[in-house]
Amino acid sequence: MGLVMGTFSMQSKQVNYHKDKADDDLEMTMVCHRPEGLDQLEALTNFNKRELQVLYRGFKNECPSGVVNEETFKQIYSQFFPHGDASTYAHYLFNAFDTAQSGSIKFEDFVTALSTLLRGSITEKLQWTFNLYDINRDGYINKEEMTDIVRAIYDMMGKYTYPVLKNDAPKQHVDAFFQKMDKNRDGVVTLDEFILSCQEDENIMRSLQLFENVI
Amino acid sequence: MAAGVAAWLPFARAAAIGWMPVASTPMPIPPQEKRKAQDGLIILNVSGTKFQTWRNTLERYPDTLLGSTERDFFFHEETNEYFFDRDPDIFRHILNFYRTGKLHYPRQECISAYDEELAFFGIIPEIIGDCCYEEYKDRRRENAERLQDDEDTDMNNDVTPVNLTFREYLWRAFENPHSSTLALVFYYVTGFFIAISVMANVVETVPCGFLPNRSKEVSCGERYALAFFCLDTACVMIFTVEYLLRLIAAPSRYKFMKSVMSVIDVVAIMPYYIGLVMTDNDQLSGAFVTLRVFRVFRIFKFSRHSAGLRILGYTLKSCASELGFLLFSLTMAIIIFATVMFYAEKGSPASKFTSIPAAFWYTIVTMTTLGYGDMVPKTIVGKVFGSICSLSGVLVIALPVPVIVSNFSRIYHQSQRAEKRRAQRKTRLARIRAAKIRGTNAYMRYKQNGLLIDTLEEASKEAGQALVAKPPSPPFESQHHHLLHCLEKTTNHEFVDEQTFQANCMEISAMHKSGSRSSSLSSSPHGLSSCCSRRHRKKSSFSLPSTNNQELSTIQIRERPVVNSRSSLNAKLDETVPLKCNEPFITPSMVSLSAPVVTSSDGDGSTTATTTAYSQSNIVRVSAL
């Protein structure tokens, strides 16, 4: 008898789950976004037509509906980092890409961000990075935000690292960062401080040029 | 996995710029793009259906045929495309795998055809997506079972080796009653005696009227004790003999003794022997009576005779977990309800529910909806819980039953299909064999039409003759015939068809003294597997000794007088032939002299005479091939 009750309750839970999933799917399929024409995009970004074609084909392959939501974004990004958990960093990335804070990334957002990152000037790149770090978009990077970001990056490494990842490694990393970036020691890093400090650092300058020819 | 989202790699690399300001150490140098690979279109022509895709799409999976340099072997220069002579319908799915990263299995395709295509294109089936994987595995398992089934029946039916020892013959007779008349007779006799024995056990207990000096009615078993005893003895003797014969004949005695059927056999005959030993002792007769119960196990011996019974047993075995679950849930429910009923009925006077175990009986009877009525609740609470008990009983029992039923149905249908396949198999094989014979006969006809050209002079002579005389044969056929001819030349034997061969066999056995040979005999390495087996079967009628193929032949001196030139040639060759005898394998094959029609094979047509060995023959036996 108890078994019977048990099976019945299990049934009802299943039904709820199915209902939610169905609603979700319904929403997704109704949204179908087409990007602006190739010419406009070419004008907006620093890519030429062929590169935009390649990018769009890849984009559309993964997201047939034309927009990426956060789940898909996280899934795609995680496939490149199978060792660890890339979801937190993907979340921050998603927010950085989704400039309009609409909850989904359209192809234009995607391509504009890529254009900045790959073909933009140093200042633009640094600005984008500052935007990424500034989680609450208040114009300042404080220690908590930085710690979150750094911890997210370390999460992508996973458990099996050499040397073994210690718990306070992110904190130490953040302290070093603030040491370097926070010029007036007010506990927050502003955009100008950030850009200035980065321009002073040779390594950072060199590494920003690293992905010029990715497409 | 990352290959599926290869198109997003540029994005992932771009996003890495976000790490740069926090990097602790300098970044490594990016890999050099050796060539700016133009992302071009590749045309894949699969049996006429053109597929096109980007080069990069294919190169996502470099360890498959299409993604590696292996595809260059299929490049067709003239049309600048890659041509594959394969099934375009299945190729569609393979190409989709490159595009989407997911491999699907189409339900309407044959599983072995699909597997072949996957193997050809170097894709492992394990990456079939979750949506299709279950279906794929099911089909594969079904197919494997079917093949295994066919193999088993093959081994049972088609192989009719001549040289069976008595033991193997006996075992085959037991396992397959249709193999010979004796086996069939034995099968029916044992069946009959099992039935007799079981019926005797039953009738023994029927009341049979009154004996003069007793007041009580007496059972038939006591009245006709001697008759029943004789009957029982006869049955047990038959069963014992059968068991011992099976034990002797079994290929693996230990395995046989462990098998279920042999245990049943032993249990069926043991009580009799134990009874024989123990009849005198009165105290033990109680135990003896209990033992007689085991005689009813003889009825299980019927499962050798009935396939349906075996299926039932197999079903129960395969549904063991469902049955176990049923039992477990029933036990739980019984205990719960018995407890509840006991405490509910505790207050009522003269209640039959004296203890919880006593309430078990009530619960079982109620849950299975039997409702004998010997125990009923009297209090209202008891009645309420009693009704809940009966309702829930129906549900608990109804749950696992469909599973068992569907299992039985599936296994039963499978065995039905297997039976049908076995029946159709004979006709199918016969037709296949006929087709094969037609193929081999083509070569015979080719030869007889004088189309064989052995030497260069012949070739020019033939070329001189009008080509109209010869029907134009397709290049494949002519090359194939040339190949067979080369084989003949290599082994110094010739092909003949079956009838000629049989005719010559009989001829040889009939007139092994005479030296004339009218027709040519030849070995037929071509259809060796089938021909040999048939020859083996026919040989048994010639009362051959059971020679193993592995034996070396004995060489006996030929006493046949040399009659004509051909035989003399034969004789000459025979002397040199003994050198060949050391070859480890013989196929008793007959060898041709040159075919009478062909004029060309004067010198080279004669071949060594290899003849089958006969116990009394004095023909030289030589190993061939």
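Student: What makes the contact between B:Glu135 and B:Arg107 a salt bridge?

Tutor: The N to O distance between the side chains of B:Glu135 and B:Arg107 is 3.4 Å. The rule asks for a side-chain nitrogen of Lys or Arg within 4 Å of a carboxyl oxygen of Asp or Glu, and the pair therefore qualifies. This is a predicted model, and the distance is computed from its atoms.

Student: Why can this pair be said to tie together separate parts of chain B?

Tutor: B:Glu135 belongs to helix 5 (residues 130-158) of chain B, whereas B:Arg107 sits in the loop between helix 3 (88-100) and helix 4 (111-120) of that chain; the two parts joined are therefore 28 residues apart in sequence.

Student: Are B:Glu135 and B:Arg107 buried, partly exposed or exposed?

Tutor: B:Glu135 has a relative accessible area of 22%. Buried requires under 20% and exposed over 50%, so B:Glu135 is partly exposed. Elsewhere in chain B, salt bridges with shared partners connect B:Glu242, B:Arg246, B:Asp265, B:Lys301 and B:Arg304 in one network.

Student: What makes A:Glu70 and A:Lys74 a salt bridge, and how are the two residues placed in their helix?

Tutor: Their closest N and O atoms are 3.7 Å apart, and the pair therefore meets the 4 Å limit. Both residues lie in helix 4 (residues 70-80) of chain A; because they are four residues apart, about one helical turn separates them. A:Glu70, at 22% relative accessibility, is partly exposed, and A:Lys74 is also partly exposed, at 21%.

Student: Which parts of chain A does the salt bridge of A:Lys183 and A:Glu200 link?

Tutor: The side chains of A:Lys183 and A:Glu200 approach to 3.4 Å, N to O.

Student: How many salt bridges does the rule give over all chains, and how many between chain A and chain B?

Tutor: The count over all chains is 24 salt bridges, and between chain A and chain B it is zero. The contact between the chains takes 47 residues from chain A and 39 residues from chain B. About 3700 Å² is buried between them, 73% of it on carbon and sulfur atoms.

Student: Which residues of helix 10 of chain A are buried, and what covers them?

Tutor: A:Glu193, A:Phe194, A:Ile195, A:Ser197 and A:Cys198 are buried there. The cover includes helix 7 (122-133), helix 9, strand 4 and helix 11 (202-208) of chain A. Over chain A, with its 11 helices and four strands, buried residues make up 40% of the 215 residues.

Student: Why is the pair B:Cys208 and B:Cys220 called a disulfide?

Tutor: The S to S distance of B:Cys208 and B:Cys220 is 2.1 Å, and since the cut-off is 2.5 Å, the pair is counted as a disulfide. The search finds one disulfide over all chains.

Student: What gives this disulfide its handedness, and which elements does it join?

Tutor: The torsion about the S-S bond of B:Cys208 and B:Cys220 is about 70 degrees, so the disulfide is right-handed. It connects strand 5 (residues 207-210) of chain B, which holds B:Cys208, with helix 8 (residues 220-223), which holds B:Cys220; the parts are 12 residues apart in sequence. B:Cys220 has a relative accessible area of 8% and is therefore buried.

Student: Why is B:Cys131 not assigned a disulfide?

Tutor: The nearest cysteine sulfur to that of B:Cys131 belongs to B:Cys132 and is 3.9 Å away. The limit is 2.5 Å, so B:Cys131 is in no disulfide.

Student: How does the helix content of residues 182-203 and of residues 356-373 of chain B come out?

Tutor: An unreviewed UniProt entry lists both ranges among the transmembrane regions of chain B. Residues 182-203 are 100% helix, with end C-alpha atoms 31 Å apart. Residues 356-373 are 67% helix and 0% strand, with end C-alpha atoms 18 Å apart.

Note on methods: Residues are numbered from 1 along each chain as its sequence is written. Chains are lettered from A and ligands numbered from 1 in the order in which they are written. This is a predicted model: local features need pLDDT of at least 70, side-chain atom pairs count only at pLDDT 80 or more; totals for chains, interfaces and linings use all residues. Side-chain values use heavy atoms; hydrogens and water are left out. Buried means under 20% relative accessible area, exposed over 50%, partly exposed in between (1.4 Å probe, protein chains only). UniProt positions are given in the numbering used here, feature names are shortened, and annotations may be inferred rather than shown by experiment. Contact means heavy atoms within 4.5 Å. Buried area is the accessible area (1.4 Å probe) that two parts lose on being put together, summed over both.
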